[in-house]
Amino acid sequence: MTLLPNTSGTGNDRGLVFILRPEQSMCTWYLETVDAEPVQNVAIPLSYSERDPIPGGCNLEFDLDIDPNLYLDYNFFETTIKFAPANLGYSRGADPPPCDIGMGRDFRWRLQYDVYQYFLPENDLTEDVLLQHLQKMAQVPQVKANAVKVVTLTANDKTVVSFSTLRGQGVIYNVIVWDPFLNTSAAYVPAHTYACSFEAVDNNCASLGRLSTKVFFTLFALLGLFICFFGHRFWKTELFFIGFIFLGFFFYILITRLTSIKYDVRLLLTAIAGSIGGTFLVAAWWRFGILTLCMLCIGLVLGFFVSTMTFFTPLGNLKVFHDDAVFWVIFSCIAILIPVIFMGCLRIMNILTCGVIGSYSVVLAIDSYMYTSLSYITLNVLRRALNMDFHRAFTNVPFQTNDFIVLATWGMLAVSGITLQIGRERRQPFPPPHPYKLWKQERERRITNILDPSHHIPPLRERLYGRLTQIKELFQKEQLAGERTPLLL
């Protein structure tokens, strides 16, 4: 008998299992809760034959002798499930097969474990929905029909699997142990989590976004929308946007890994560092006119995003990419390849960067108010850069109605921005003239052209001195004119 729990607490409670003895024909259990409110539970009877494997039958780590539960733990980066190895089935009254004596096909080492993942509806935290979907993850046929198989483990693998944490998104996990020799299988007890706390006063499951996050990404999205439609024309504003992303991203990784300051302070320092990076890139273009540096930064930002999208697909869950060295080498090659490909058509690369990156900032802003899986395009890479153990996590995400709406919005903004800028800027010169060079030419023209009215304007130093003199006169008392005493007759 499997008893599925409610959603109280942190949302990762385990189920209870009752096993009938051979002489028993009835099972009675009692529940006690610490809360005064009613508790909803679902009981599901499961029957197994002597040919079916026994989930948790070779438990050497947890408390129960036979423990078919999944033990779930999560942090900001990853969600980890652990379970006890299974044993071969046996008839009632017989001695169970030994767990760690032989390693042939007559022992438990022939068993395989299929790990399944099932996503609850997005932005729905109700107990009724959870219990309804938990019933779909309790029995073997239902698990295979409804959930997605993530990985298959053999008896030689550790019975530990990690997943990317999806805060605020309900996820149910289960494991099916399969006996390939007898072609029989059995399911463990499903475990679920929302990766957040229902009882927290601030930043709980109902309101995930911090105020600082909402302010930061809302302002970032407003700037991104401007870049999406007008970035190519307002070249210096685009350079500030690109420099902000470039330096802000690496600064956040650095300050997070080296310090333990609070998140709000980190976000503020990241905004300051990003602003400095954007100002530096604009100043470098204004003073020196280094087009190569500017276009390299623009191309690398676009290449970084293309690389993150590549590993956001199922390709990112391939076993070879669980090696950090392989992952970062391939990731960097893709990021560098994009500016190399577009080096001959800088205008197109610049407009594509404006449209794609500018419109994606809106997706990040939406994620700060409500859950959307599209934010994990970049968040997964950020987590991998911040956490040394994230390489072992599977980065599956749900793709449901809200995500289709956000994807359509993102695509509409990107296509509209790219199309508008290509049509409007087709005949405009690119890159724009060097600002410092234009300023010098204008200054020399004014000096040599005596017919230009600006030629007769005094130098800046004299104008400043004259303005200061006028300001001083405002604070001086006015002197009276004429005599101060009457005339004597």
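Analyst: Let's start with C294, which counts as buried because its relative accessibility is 1%; buried here means under 20% relative accessible area, exposed over 50%, and partly exposed in between, with a 1.4 Å probe and protein chains only. Before going on, a word on the model: it is predicted, so local features need pLDDT of at least 70 and side-chain atom pairs count only at pLDDT 80 or more, while totals for chains, interfaces and linings use all residues. Residues are numbered from 1 along each chain as its sequence is written, and side-chain values use heavy atoms, with hydrogens and water left out.

Now the pairing. A disulfide is a covalent bond between the sulfur atoms of two cysteines. The working rule is a pair of cysteine sulfur atoms within 2.5 Å, and by that rule the count comes to 1 disulfide. The partners are C58 and C99, with an S to S distance of 2.0 Å. This bond ties together distant parts of the chain, 41 residues apart: C58 sits in the loop between β3 (42-44) and β4 (70-74), and C99 in the loop between β5 (78-83) and β6 (112-119). Those strands are DSSP runs of E, at least two residues, and helices are runs of H or I, at least four residues, both numbered from the N terminus. The torsion about the S-S bond of C58 and C99 is about -90°, so the disulfide is left-handed. Both C58 and C99 are buried.

Back to C294: this cysteine is in no disulfide, and the nearest cysteine sulfur, in C297, is 6.9 Å away.

For some context from the record, an unreviewed UniProt entry places "transmembrane region" features at several spans, including 215-232, 239-255, 293-313 and 351-371. UniProt positions are in the numbering used here, feature names are shortened, and annotations may be inferred rather than shown by experiment. In the model, residues 215-232 are 89% helix and 0% strand, with the end C-alpha atoms 26 Å apart. Residues 239-255 come out at 100% helix and 0% strand, and their end C-alpha atoms lie 24 Å apart.
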